[in-house]
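Please look over the sequence and the model shown here.

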Amino acid sequence: MNTQASKLEALVDAHQRPESTVRVVAITSGKGGVGKSTLSANIGYVLSRMGFRVGIMDADIGLANLDVMFNVRTEKNILHVFKGEATFDDIVIKLDHNLWLIPGESGDEILKFSNATIVSRLLDEAETLAPLDFLIVDTGAGIGETTQMFLRSADDVVVVTIPDPAAITDAYAMVKVVSKIKERLFMVVNQVRTPREGFKIFDTIKKVAVENIGDHLELTLLGSVRTDPYVARSVKQRVLLCKELTNIASAGEIEAIAQTLAKKKEHKMLDGNKEGSIGIFFKRLLGQF
Ligand SMILES: Nc1ncnc2c1ncn2[C@@H]1O[C@H](COP(=O)(O)OP(=O)(O)O)[C@@H](O)[C@H]1O
Ligand SMILES: [Mg+2]
């Protein structure tokens, strides 16, 4: 990869873009292994193909999924940037046209970085990063403090679940946590047999949420994705489903989810979303505790 060329490209693009606000979409779940990384990678890719500039941040570093999925090697991550041991430019990996990987961190060490000097240095540095339209954050599962920090700072939160009863229970627990910090929440039901199964599971969760949390939380189904051996195989073979197998049903379902997110980005004025720069996202991330 020619990093020099990509930096130049980023610079040129930055000057050509009149508006650059990033929509931060955190993909999370109650239980692990439900397809967060698969969805983050593929949704990110589809958005980049639509012409959006997309960063995917791996904030579930324990499993280091995304580097495997994209078949790249990461050495340093965002924690090194926070510590001053690397710059953003050092850690960001260009994956494809319009697509970058930002190796993140899921450990609690990240919580220590709240002092003002670090925040302001980060802001300066982040502004030199290519202006992104989307930042997809692949968070860790569960309601740990670091994950919550990412969810709080994100514009959109997507809770992924699978039809398994234990996963549904954990997804509901996640919905409850998110309802305390967000007014709206998206869900994706992955590994369904039929789209109808996805609707049914979503309806059940929504009903329980309205009864117990109240209706101040706007809960929306972004879509469901069927169980497909091609999905699992693509991960094993380190190829991206939505890149290599575009005409299969599961890839189409993921594309539809990406398209819905794209529409929301285009209509951001209507949904009252206050997107900011990536620097503002990091400020939110680090300045909130
Ligand atoms: N729709 C699907 N059909 C079949 N297998 C899937 C599907 N979605 C995810 N998987 C498989 O499930 C496993 C867990 O997915 P992953 O994205 O790593 O989950 P998470 O990031 O939530 O831990 C992977 O082996 C992946 O290939
Ligand atoms: Mg993962």
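K200 and P163 are 37 residues apart in sequence and 9.7 Å apart in space, C-alpha to C-alpha.

This is a predicted model, in which local features need pLDDT of at least 70, side-chain atom pairs count only at pLDDT 80 or more, and totals for chains, interfaces and linings use all residues. Residues are numbered from 1 along each chain as its sequence is written, while chains are lettered from A and ligands numbered from 1 in the order in which they are written.

Helices are DSSP runs (H or I, at least four residues), numbered from the N terminus. In helix α13 (residues 278-286), the buried residues are I278, F281, F282, L285 and L286. Seen down the axis of α13, they fall within an arc of 120°, so they line one face of the helix; the arc is that of the directions from the helix axis to the C-beta atoms.

Helices α2 and α12 pack with their axes 9 Å apart, at an angle of about 60°. This makes α2 oblique to α12 (angles under 35 degrees count as roughly parallel, over 145 as roughly antiparallel, 65 to 115 as roughly perpendicular and the rest as oblique). The table lists the residues that make the contact, meaning that their C-beta atoms, placed from the backbone, lie within 7 Å.

| Helix | Residues in the contact |
|---|---|
| α2 | L39, N42, I43, V46 and L47 |
| α12 | I254, E255, I257, A258, L261 and A262 |

Note on methods:
Buried ≥ 20, exposed ≤ 12 C-beta atoms within 10 Å, placed from the backbone. Helix = DSSP H or I, 4+ residues; strand = E, 2+ residues; numbered from the N terminus. Axes fitted to C-alpha atoms, helices over the stretch in contact; angles between N-to-C directions. Contact = placed C-beta atoms within 7 Å.
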